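Here's a quick tour of a protein model, written for reading with the structure open beside you. Have a look at it, then follow along.

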Amino acid sequence: MSKKVYICRGKSCKSADPEKSLEKYARKIVGKDKIKKTKCLGLCKSAFAIEYKGEKYSCITKSEMEGILPLKK
Ligand code: FES
């Protein structure tokens, strides 16, 4: 199973994170090489969305993201 973090860059998620601050934070947590951008993950109503280890998550805050993603080693 992929350990990459897929960051949705669909329209709703772009609107939810216009400054890309959540995307940048995800990069900081897991490392730049583990981040991939993807199309809509189907969670538009609760955007911002990511996919990790085959699970999709709606990440609204940085602290929620910290609970989902592994720390960079
Ligand atoms: S645009 Fe991100 S889940 Fe649909």
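## Gly10 and its contacts

Leaving aside residues up to four places away in sequence, Gly10 touches Lys39, Cys40 and Cys44; a contact here means that the two C-beta atoms, placed from the backbone, lie within 7 Å. Take Lys39: Gly10 and Lys39 sit 29 residues apart in sequence, yet 5.3 Å apart in space, C-alpha to C-alpha.

You'll find Gly10 in the loop between β1 and α1. Those labels come from DSSP runs, numbered from the N terminus: helices are H or I with at least four residues, strands are E with at least two. Gly10 counts as partly exposed because it has 18 C-beta neighbours inside 10 Å. The cut-offs: buried takes 20 or more other C-beta atoms within 10 Å of the residue's own, exposed takes 12 or fewer, and partly exposed is in between, with C-beta atoms placed from the backbone.

## What you're looking at

Keep in mind that this is a predicted model, where local features need pLDDT of at least 70, side-chain atom pairs count only at pLDDT 80 or more, and totals for chains, interfaces and linings use all residues. Residue numbers start from 1 along each chain as its sequence is written.

## The sheet and the helix across it

In what order do the four strands line up in the open sheet? They go β2-β1-β3-β4, with mixed pairing; two strands pair if DSSP finds at least two bridges between them. At the edges are β2 (35–38) and β4 (55–58), each pairing on one side only. From one strand to the next, the twist averages 30°.

Zoom in on β3 (residues 49–52): four bridges join it to β4, and the two run antiparallel. Within that pair, Ala49 stands opposite Ser58 in β4.

Helix α2 (residues 21–30) lies across β1 (5–8), β2 and β3, and runs at about 175° to β1. Axes are lines fitted to C-alpha atoms, for helices over the stretch in contact, and angles between N-to-C directions run from 0 to 180 degrees.

Most residues other than glycine have a negative phi. Lys20 lies in the loop between α1 (11–16) and α2, and it counts as partly exposed because it has 13 C-beta neighbours inside 10 Å.

Lys53 also has a positive phi, of about 50°. Look for Lys53 in the loop between β3 and β4. Is Lys53 buried or exposed? With 11 C-beta neighbours inside 10 Å, Lys53 counts as exposed.
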